[in-house]
Amino acid sequence: MGPKLGEIPKAYDPKQVEDKWYRFWLERSYFTPEIDPDKKPFVIIMPPPNITGELHLGHALTATLEDILIRWHRMEGEAALWLPGVDHAGIAAQNTVEQALAARGLSRHDLGRERFLEQMWQWTGKYRDIIAQQHRKLGASCDWSRERFTLDPGPSRAVRVTFVKLYQRGLIYRSERLINWCPRCATALSDLEVEHAEIRGHLYYIHYPLQTGDGVVTVATTRPETLLGDTAVAVNPDDERFQVLLGRKVLLPILGRAIPVISDGLVDPAFGTGVVKITPGHDPVDFEIAQRQGLPLINIMNLDATMNQNAGPYAGLDRFACREALLADLNKEGLLEKIEPYAHAVGHCHRCRTVVEPLVSKQWFVEVAPLAERAIKAVLDGSVEIVPERFTKVYLNWLENIRDWCISRQLWWGHRIPAWHCQHCGGLTVAVDDPESCAHCGSTDIVQDPDVLDTWFSSALWPHSTLGWPEQTEDLAYFYPTSVMETGYDILFFWVARMVMMGLENTGEVPFHKVYLHGLIRDEKGEKMSKTRGNVIDPADVMNVYGTDALRFALTAGNAPGNDIRLMPQKLEGGRNFANKLWNTAQFVISNLDGGAKAPPYPLPAEDRWILSRLNRLIANVSRLLQNFMLGEALSQIHDFIWSEYCDWYIELAKVRLSREGLSPVPVLVHVLETSLRLLHPFMPFITEELWQRLARYLPQSVESITIAPYPSVDETAFDPEAEEEMELVQELIRSIRNARVEAKVEPSRFIEAIIIADNKPAVEALAPAIGTLARARPLTIFGADEERPRPDKAKILVLKRAEVFLPLAGMIDIEAERERLAREIEESHAEIARLERKLGQGEFLTKAPAHVIAREQEKLSKHWDKLSRLQQRLAELT
């Protein structure tokens, strides 16, 4: 078996369990599936965490959910592959290392490209190991022999092959276009890498003098500094107010350059004055207008967002300093009419939060529309299913309105673009392998393009590049397409859609069949976790305090696909408490194992049949929920069964039997515990392995670890509605007597007399010792509903669905208070009867409601009349 276990400690200590069992699993290669044509593969490719540092709670959530799925399918006997990896994280990783250099007074330019990349690889080596260790700590059952990094030779070759293939198809091109530029990161950004946030800015009303000197045209703008690059002002062609201006020219304030007044349908007549400035070099809408109308393009900014020589007297100023200086000059010349508060959305770099600047630049692009068509079809025809389904519409809407993807980044860290510029003829050579000469003129004077590819380009190939593509490997043939892509809904566009596009393009097959999206983790107030808010929780700290299984429990229980998750201390404490409850339960069961556990004897008493029936109903529910990715609900149901039905009821009933001569409950105790541990294992792997190993010493086992034990399958022959009904009656009796004791403030150790009149007398009699012990009821007398029985003069009467309980009042309750309680219940019964009679007297309800609904309401009415009759009778007995 596994490591030596010794005696079971009194308390559960995760630190003594977790590392031990993870080493055990690794030593036996449980996480490394073999290619077996007779086995169905189940495959998840891990969304690669960025190499920017240690894992956060979002990574812990991803790892937990994926590990649940992998462990479940492994126990189902499938070849379960969970392939781990790490992403080189382009901008983010380079920024992190550059900040470390800046702290030493250095920049990447001081080092040069080669030495800077050496620093990047050193960083990568350190944090790649840290990330792997943190995943191990989380219990992630990854196949570490297949771990990949986006800059590994295999994935790197896949990137080059894909680039060349798309270039040869004409889908990758280089063009001078308006792009999103981050001055801080000094690189282009794709549209998805720009986050728009509403800011409280201003609307500036500026006069543009007519060239003829006979008036002004007033323009409203949120960015006055960009007027230095204006090449026109425009009005809407249907705006009658300004038709007289068309064809005339105005003078650009400060610079005095003459520019035309034009009309264009994109102008919103309701914005500002209805006249807008056209700055093609710094606004995407203006760029489109300029392309259509043949306007010149003037760039007024350097790449660091300072003003260039085209800005005239403001050259060298930062863009925002330029704004202030320009406004002062406009005001001095009487050209600034007014300034109004104005809220508007401004694009920010999603990495560093710097305001993005639209700039015209020569960049590499992918023409995405032809690729998007197949990705749309894959979802519409069911080849790819998105869970939850509501995100399907979001996915389709984005792809149907997709724009070309800017894939070049002005960075040093990443996949360098496989294109070489000839210094002799100006030709471009695009190749998978580094060429020695120009493909056009044969010159050896060629220089590789300095830019690298957007990180998401390599990530889009992740499901097939990690399995060996473009080589036709055995892994690719067996494990691709993969089964599930589990990730956050926030990267549905960034990543999921692009993986579908590239997977279909490169392999002809979808990269995965299911997309399971989880939500974001928020704090207990529902706010997003961030360092600035000070509400970030480090998973390493949580695991150290509560244990890994408790963290996994808190991240999973009760959560539904696509919904955000509130993580609060109470949930972590709940996970730890559950682990402790499970530990104590196993300790009790094992302490009662004397020489092993035999198979349960037959016939079984009602409580045994009940717990076995409930167990198998749980197995059926959990199987259905897991199939539908309702992992949180599956865990909640397992928790409720173990805690409430098994521990709080069955074990307490078993203790009564263990204290008496007769049929032992131990075989059933062991069977239910062992099965429950296997049900729970995918969710809480460490404690379940520890307890299963301790229990397995007493049981015949064909496997040496719960990790590879079969997941429980339902035995429908164990379903026992009769036993469930009997136990429901017994539970109601015990609960009602306990509640009556609390209400009457009876001392916990004191026994009270109880008389039970039950419809099912044999069922109650069979469990009379348990009822007496658990309800502290002695003497306990039981009568059938049709039997003659004495009626106590004064007693607390509990009217249940299928029984009545008389608790003699002498020395137990306040008789006057009991009369008041019965009167209140009689009043409530009258009100409920009146409500039901009104409902059943409505013609509309009787004609429209289904027959079974009407029958159910009639049955309710009958029961309430019966209950009222009994309440009135009991009240009369107390008067």
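Predicted model: local features only at pLDDT ≥ 70, side-chain atom pairs only at ≥ 80, totals over all residues.
Student: Where does Arg174 lie, and which residues is it in contact with, leaving aside neighbours within four places in sequence?

Tutor: Helices (H or I, at least four residues) and strands (E, at least two) are DSSP runs, numbered from the N terminus. Arg174 lies in strand β5, residues 172–182. Contact means heavy atoms within 4.5 Å. With neighbours within four places in sequence set aside, Arg174 is in contact with Lys362, Gln363, Trp364, His421 and Asp449.

Student: His421 is on that list. What is its bridge partner in β20?

Tutor: Val447. As for strands, two of them pair if DSSP finds at least two bridges between them. Strand β18 (residues 419–422) pairs with β20 in the antiparallel sense over three bridges. They belong to an open sheet of three strands, in the order β19-β18-β20, with antiparallel pairing. The edges are β19 (428–430) and β20 (446–448), each with a single partner strand, so one side of each has no neighbour in the sheet. The twist from one strand to the next averages 30 degrees; axes here are lines fitted to C-alpha atoms, for helices over the stretch in contact, and angles run from 0 to 180 degrees between N-to-C directions.

Student: Which helix lies across β18, β19 and β20?

Tutor: That's α6, running at about 125 degrees to β19.

Student: Now for charges. How many salt bridges does the structure hold?

Tutor: Side chains of opposite charge can pair when their charged atoms come close. The cut-off for a salt bridge is a side-chain nitrogen of Lys or Arg within 4 Å of a carboxyl oxygen of Asp or Glu. The structure holds 57 of them. Take Glu193 and Arg409, whose closest N and O atoms are 2.5 Å apart. Glu193 lies in the loop between β6 (187–189) and β7, and Arg409 in strand β17 (residues 408–409), so the pair ties together parts 216 residues apart in sequence. Both Glu193 and Arg409 are buried.

Student: And Asp381 with Lys377: how far apart are the closest N and O atoms?

Tutor: They are 3.4 Å apart. Asp381 is partly exposed, with a relative accessible area of 43%, and Lys377 counts as exposed at 56% relative accessibility. Elsewhere, salt bridges that share partners join Arg223, Glu225, Arg319, Arg323 and Glu357 into one network.

Student: Which residues touch the most other members in the largest nonpolar core?

Tutor: A nonpolar core is a set of buried Ala, Val, Leu, Ile, Met, Phe, Trp, Tyr and Cys residues joined through side-chain atoms within 4.5 Å. In the largest one, of 147 residues, Tyr646 and Phe683 touch the most other members. Helix α19 (residues 631–658) gives this core its largest share, 14 residues. Another core, of 65 residues, lies apart from it, with Ile45, Phe163, Leu166 and Leu171 among them.

Student: Last one: why is helix α16 largely enclosed by the rest of the structure?

Tutor: Count its buried residues: nine of the nine in α16 (residues 548–556) are buried, so the helix is largely enclosed. Among them are Asp549 and Arg552. Just after α16, Gly558 takes a positive phi of about 75 degrees.

Terms used:
Residues numbered from 1 in each chain as written. Heavy atoms only, no water. Buried < 20%, exposed > 50% of the residue type's maximum accessible area, 1.4 Å probe, protein only.
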